[in-house]
Amino acid sequence: MSDVVLSCRGLKKTYQGPAPVHVLLNVDLEVRAGERVAIMGRSGSGKSTLLHLLGGLDFATEGVVVVQGRALNEMSEKERGNTRNRTLGFVYQFHHLLPEFTAEENVAMPLWIRRMDRGTALAKARAALKEVGLAARAAHLPGELSGGERQRCAFARAMVTAPACVLADEPTGNLDTQTADEVFEAMVRLSNAHGTAFVLVTHDAALAARTERVLELKDGALHPA
Ligand SMILES: Nc1ncnc2c1ncn2[C@@H]1O[C@H](COP(=O)(O)OP(=O)(O)OP(=O)(O)O)[C@@H](O)[C@H]1O
Ligand SMILES: [Mg+2]
(Lines give C-alpha, C1' and ligand atoms only; values in the text may rest on other atoms or scores of the structure.)
(Ligands and ions follow the chains in the order given, each with its own letter.)
Protein backbone atom coordinates (compact mmCIF):
# COMPACT_ATOMS: atom_id res chain seq x y z
CA MET A 1 0.00 0.00 0.00
CA SER A 2 1.20 3.46 -0.84
CA ASP A 3 2.05 5.65 2.12
CA VAL A 4 0.70 8.79 0.46
CA VAL A 5 -1.85 10.24 2.89
CA LEU A 6 -2.91 13.28 0.93
CA SER A 7 -2.47 14.29 -2.68
CA CYS A 8 -3.84 16.54 -5.34
CA ARG A 9 -3.46 16.64 -9.09
CA GLY A 10 -4.11 19.42 -11.56
CA LEU A 11 -5.83 21.52 -8.94
CA LYS A 12 -7.36 24.71 -10.26
CA LYS A 13 -9.28 27.36 -8.35
CA THR A 14 -10.98 30.41 -9.78
CA TYR A 15 -13.06 32.62 -7.53
CA GLN A 16 -16.04 33.80 -9.55
CA GLY A 17 -17.29 37.32 -9.20
CA PRO A 18 -17.40 40.61 -11.05
CA ALA A 19 -13.73 39.99 -11.90
CA PRO A 20 -12.84 36.27 -11.69
CA VAL A 21 -9.67 35.62 -9.67
CA HIS A 22 -7.55 32.75 -11.02
CA VAL A 23 -5.75 31.77 -7.84
CA LEU A 24 -4.55 28.21 -8.48
CA LEU A 25 -3.72 27.20 -12.05
CA ASN A 26 -2.19 23.76 -11.71
CA VAL A 27 -1.20 22.42 -8.30
CA ASP A 28 0.21 18.93 -7.80
CA LEU A 29 1.21 17.68 -4.36
CA GLU A 30 1.87 14.36 -2.65
CA VAL A 31 2.25 14.16 1.11
CA ARG A 32 3.51 10.94 2.66
CA ALA A 33 2.90 9.58 6.15
CA GLY A 34 4.95 11.40 8.77
CA GLU A 35 6.26 13.93 6.26
CA ARG A 36 6.49 17.63 7.11
CA VAL A 37 6.01 19.96 4.16
CA ALA A 38 6.24 23.75 4.35
CA ILE A 39 4.42 25.98 1.87
CA MET A 40 5.62 29.53 1.49
CA GLY A 41 4.54 32.29 -0.86
CA ARG A 42 3.58 35.93 -1.08
CA SER A 43 0.43 37.24 0.54
CA GLY A 44 -2.44 36.55 -1.84
CA SER A 45 -0.62 33.77 -3.70
CA GLY A 46 -3.30 31.24 -2.71
CA LYS A 47 -1.86 29.36 0.27
CA SER A 48 -5.02 29.48 2.39
CA THR A 49 -7.09 28.65 -0.71
CA LEU A 50 -4.95 25.55 -1.30
CA LEU A 51 -5.22 24.37 2.33
CA HIS A 52 -9.00 24.81 2.23
CA LEU A 53 -9.20 22.66 -0.91
CA LEU A 54 -6.90 20.01 0.59
CA GLY A 55 -9.04 19.93 3.72
CA GLY A 56 -12.32 19.64 1.80
CA LEU A 57 -13.56 22.97 3.16
CA ASP A 58 -14.02 24.32 -0.36
CA PHE A 59 -14.19 22.82 -3.84
CA ALA A 60 -11.69 23.10 -6.66
CA THR A 61 -12.72 24.47 -10.04
CA GLU A 62 -10.86 21.52 -11.59
CA GLY A 63 -8.66 18.68 -10.36
CA VAL A 64 -8.92 16.20 -7.52
CA VAL A 65 -7.88 15.93 -3.90
CA VAL A 66 -7.29 12.39 -2.68
CA VAL A 67 -7.24 11.63 1.05
CA GLN A 68 -6.00 8.18 1.99
CA GLY A 69 -6.82 6.81 -1.43
CA ARG A 70 -10.26 8.41 -1.83
CA ALA A 71 -11.25 11.47 -3.84
CA LEU A 72 -12.91 14.11 -1.66
CA ASN A 73 -15.24 15.26 -4.44
CA GLU A 74 -16.61 11.73 -4.84
CA MET A 75 -17.67 11.50 -1.20
CA SER A 76 -21.07 12.43 0.16
CA GLU A 77 -21.22 15.46 2.44
CA LYS A 78 -21.39 13.09 5.41
CA GLU A 79 -18.38 11.03 4.34
CA ARG A 80 -16.40 14.19 3.74
CA GLY A 81 -17.29 15.38 7.23
CA ASN A 82 -16.18 12.07 8.70
CA THR A 83 -12.92 12.17 6.75
CA ARG A 84 -12.27 15.70 7.97
CA ASN A 85 -12.87 14.60 11.56
CA ARG A 86 -11.04 11.26 11.48
CA THR A 87 -8.19 11.77 9.06
CA LEU A 88 -7.39 15.47 8.97
CA GLY A 89 -6.64 18.17 11.49
CA PHE A 90 -7.05 21.79 10.51
CA VAL A 91 -5.43 24.90 12.00
CA TYR A 92 -7.10 27.94 10.43
CA GLN A 93 -5.28 31.19 9.78
CA PHE A 94 -7.81 32.76 12.14
CA HIS A 95 -8.26 30.35 15.00
CA HIS A 96 -12.05 29.68 14.92
CA LEU A 97 -12.31 28.62 18.56
CA LEU A 98 -15.82 28.47 19.98
CA PRO A 99 -16.10 31.49 22.30
CA GLU A 100 -18.50 29.96 24.83
CA PHE A 101 -16.34 26.88 25.48
CA THR A 102 -13.15 26.73 27.54
CA ALA A 103 -9.78 25.94 25.98
CA GLU A 104 -9.95 22.29 27.06
CA GLU A 105 -13.54 21.95 25.82
CA ASN A 106 -12.56 23.41 22.45
CA VAL A 107 -9.70 20.93 22.19
CA ALA A 108 -11.93 18.05 23.32
CA MET A 109 -14.56 18.89 20.67
CA PRO A 110 -13.20 16.68 17.82
CA LEU A 111 -13.12 13.76 20.28
CA TRP A 112 -16.69 14.36 21.45
CA ILE A 113 -17.75 14.42 17.81
CA ARG A 114 -16.18 10.94 17.63
CA ARG A 115 -18.34 9.99 20.60
CA MET A 116 -15.49 9.63 23.06
CA ASP A 117 -16.76 9.96 26.64
CA ARG A 118 -16.46 13.38 28.24
CA GLY A 119 -13.87 12.54 30.91
CA THR A 120 -11.46 10.70 28.60
CA ALA A 121 -11.75 13.42 25.96
CA LEU A 122 -11.03 16.17 28.49
CA ALA A 123 -7.99 14.28 29.79
CA LYS A 124 -6.63 13.98 26.23
CA ALA A 125 -7.41 17.65 25.62
CA ARG A 126 -5.44 18.67 28.70
CA ALA A 127 -2.49 16.54 27.58
CA ALA A 128 -2.59 18.22 24.14
CA LEU A 129 -2.70 21.67 25.77
CA LYS A 130 0.29 20.71 27.91
CA GLU A 131 2.18 19.79 24.70
CA VAL A 132 1.83 23.38 23.50
CA GLY A 133 2.59 24.95 26.88
CA LEU A 134 -0.98 25.83 27.81
CA ALA A 135 -1.67 23.49 30.73
CA ALA A 136 -2.32 26.44 33.05
CA ARG A 137 -4.91 27.97 30.70
CA ALA A 138 -7.12 24.89 30.18
CA ALA A 139 -10.13 26.40 31.96
CA HIS A 140 -9.95 29.79 30.22
CA LEU A 141 -12.41 30.93 27.58
CA PRO A 142 -10.87 31.97 24.22
CA GLY A 143 -11.68 35.60 25.11
CA GLU A 144 -9.41 35.24 28.15
CA LEU A 145 -6.43 34.02 26.10
CA SER A 146 -3.81 36.04 24.25
CA GLY A 147 -3.66 35.84 20.44
CA GLY A 148 -0.74 33.42 20.50
CA GLU A 149 -2.40 31.32 23.21
CA ARG A 150 -5.53 31.02 21.07
CA GLN A 151 -3.40 29.95 18.16
CA ARG A 152 -1.70 27.28 20.28
CA CYS A 153 -5.09 26.14 21.53
CA ALA A 154 -6.27 25.76 17.92
CA PHE A 155 -3.11 23.79 17.21
CA ALA A 156 -3.80 21.46 20.16
CA ARG A 157 -7.33 20.95 18.82
CA ALA A 158 -5.94 19.89 15.42
CA MET A 159 -3.47 17.47 17.04
CA VAL A 160 -5.68 15.88 19.68
CA THR A 161 -7.05 13.13 17.41
CA ALA A 162 -3.54 12.25 16.13
CA PRO A 163 -4.82 12.56 12.55
CA ALA A 164 -3.08 11.22 9.45
CA CYS A 165 -2.41 14.76 8.30
CA VAL A 166 -2.56 18.21 9.89
CA LEU A 167 -3.10 21.20 7.61
CA ALA A 168 -1.84 24.27 9.42
CA ASP A 169 -2.21 27.82 8.11
CA GLU A 170 0.48 29.95 9.75
CA PRO A 171 0.13 28.22 13.13
CA THR A 172 3.11 30.12 14.50
CA GLY A 173 2.31 33.47 12.87
CA ASN A 174 1.62 35.34 16.13
CA LEU A 175 4.23 33.59 18.24
CA ASP A 176 7.64 34.69 19.47
CA THR A 177 10.59 32.59 18.32
CA GLN A 178 10.78 30.45 21.44
CA THR A 179 7.06 29.67 21.57
CA ALA A 180 7.02 28.99 17.81
CA ASP A 181 9.87 26.59 18.45
CA GLU A 182 7.87 24.79 21.16
CA VAL A 183 4.89 24.41 18.82
CA PHE A 184 7.18 23.09 16.10
CA GLU A 185 8.67 20.57 18.55
CA ALA A 186 5.17 19.42 19.51
CA MET A 187 4.55 18.88 15.81
CA VAL A 188 7.73 16.81 15.44
CA ARG A 189 6.81 14.68 18.46
CA LEU A 190 3.38 13.99 17.00
CA SER A 191 4.70 13.06 13.58
CA ASN A 192 7.30 10.76 15.14
CA ALA A 193 4.86 9.12 17.54
CA HIS A 194 1.86 8.69 15.19
CA GLY A 195 3.21 9.17 11.68
CA THR A 196 1.15 12.35 11.38
CA ALA A 197 2.03 14.35 8.26
CA PHE A 198 2.05 18.14 8.34
CA VAL A 199 1.40 20.68 5.63
CA LEU A 200 2.48 23.92 7.15
CA VAL A 201 1.90 27.34 5.60
CA THR A 202 4.42 29.77 6.98
CA HIS A 203 6.16 33.05 6.24
CA ASP A 204 8.99 32.01 8.57
CA ALA A 205 11.90 30.81 6.40
CA ALA A 206 13.87 29.54 9.41
CA LEU A 207 10.97 27.36 10.51
CA ALA A 208 10.32 26.16 6.95
CA ALA A 209 13.98 25.16 6.66
CA ARG A 210 13.45 22.70 9.50
CA THR A 211 10.86 20.72 7.53
CA GLU A 212 11.72 17.97 5.05
CA ARG A 213 10.40 19.80 2.02
CA VAL A 214 9.86 23.49 1.31
CA LEU A 215 7.62 24.51 -1.57
CA GLU A 216 6.75 27.93 -2.88
CA LEU A 217 3.31 28.77 -4.23
CA LYS A 218 3.88 31.15 -7.11
CA ASP A 219 1.88 31.99 -10.23
CA GLY A 220 -0.75 29.44 -9.28
CA ALA A 221 1.59 26.43 -8.94
CA LEU A 222 3.94 24.85 -6.39
CA HIS A 223 7.67 24.99 -6.98
CA PRO A 224 10.58 23.58 -4.96
CA ALA A 225 11.92 26.51 -2.91
N1 LIG B 1 -13.89 34.04 -1.46
C2 LIG B 1 -13.10 34.72 -2.31
N3 LIG B 1 -13.60 35.35 -3.39
C4 LIG B 1 -12.82 36.04 -4.25
N5 LIG B 1 -11.48 36.11 -4.14
C6 LIG B 1 -10.90 35.49 -3.09
C7 LIG B 1 -11.68 34.76 -2.11
N8 LIG B 1 -10.84 34.25 -1.19
C9 LIG B 1 -9.60 34.64 -1.56
N10 LIG B 1 -9.63 35.39 -2.69
C11 LIG B 1 -8.47 35.96 -3.40
O12 LIG B 1 -7.63 34.88 -3.78
C13 LIG B 1 -6.27 35.21 -3.59
C14 LIG B 1 -5.59 34.16 -2.70
O15 LIG B 1 -6.09 34.27 -1.38
P16 LIG B 1 -5.50 33.39 -0.18
O17 LIG B 1 -6.26 33.73 1.03
O18 LIG B 1 -5.48 31.97 -0.61
O19 LIG B 1 -4.00 33.95 -0.12
P20 LIG B 1 -2.81 33.59 0.89
O21 LIG B 1 -1.65 33.12 0.08
O22 LIG B 1 -3.31 32.70 1.96
O23 LIG B 1 -2.44 35.03 1.48
P24 LIG B 1 -1.96 35.47 2.99
O25 LIG B 1 -0.48 35.14 3.05
O26 LIG B 1 -2.20 36.94 2.97
O27 LIG B 1 -2.78 34.74 3.99
C28 LIG B 1 -6.24 36.61 -3.03
O29 LIG B 1 -5.92 37.50 -4.09
C30 LIG B 1 -7.64 36.86 -2.53
O31 LIG B 1 -8.01 38.20 -2.66
MG1 LIG C 1 -3.61 32.93 3.99
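**Helix packing, strands and the ligand shell**

In helix α4, Ala-128, Leu-129 and Glu-131 meet Cys-153, Ala-156 and Met-159 of α5, where contact requires C-beta atoms, placed from the backbone, within 7 Å. By class, the residues of this contact are five nonpolar, no polar and one charged; Ala, Val, Leu, Ile, Met, Phe, Trp, Tyr, Cys and Pro count as nonpolar, Asp, Glu, Lys and Arg as charged, and the others, Gly among them, as polar.

The model is predicted, and local features need pLDDT of at least 70, side-chain atom pairs count only at pLDDT 80 or more, while totals for chains, interfaces and linings use all residues. Residues are numbered from 1 along each chain as its sequence is written, and chains are lettered from A and ligands numbered from 1 in the order in which they are written.

Two packed helices are described by the angle between their axes and the distance between the axes. For α4 (residues 118–131) and α5 (residues 147–159), the angle is about 130° and the axes lie 9 Å apart. The axes are lines fitted to C-alpha atoms, for helices over the stretch in contact, with angles from 0 to 180 degrees between N-to-C directions. The pair α4 and α5 is therefore oblique, a class left over when angles under 35 degrees count as roughly parallel, over 145 as roughly antiparallel and 65 to 115 as roughly perpendicular.

The strands come next; helices (H or I, at least four residues) and strands (E, at least two) are DSSP runs, numbered from the N terminus. An open sheet of six strands has the order β6-β7-β8-β3-β9-β10, with mixed pairing; two strands pair if DSSP finds at least two bridges between them. Its edge strands, β6 (88–91) and β10 (221–224), each pair on one side only. Within this order, β3 (residues 36–40) and β9 (residues 213–218) are parallel and joined by four bridges, and Ala-38 has Val-214 in β9 as its bridge partner.

Elsewhere, β1 (residues 4–15) runs antiparallel to β4 (residues 62–67) over five bridges, with Arg-9 opposite Val-64 of β4. Strand β4 also pairs in the antiparallel sense with β5 (residues 70–71), through two bridges. In the hairpin of β4 and β5, two residues lie between the strands, and Gln-68 has a positive phi near 45°.

Around ligand 1 there are 13 residues, of which Tyr-15, Ser-43, Lys-47, Ser-48 and Thr-49 come nearest; a residue is near if its C-beta atom, placed from the backbone, lies within 6 Å. Helix α1 gives the largest share of this shell, three residues. The shell comprises three nonpolar, nine polar and one charged residues.

Technical notes
Contact = placed C-beta atoms within 7 Å.
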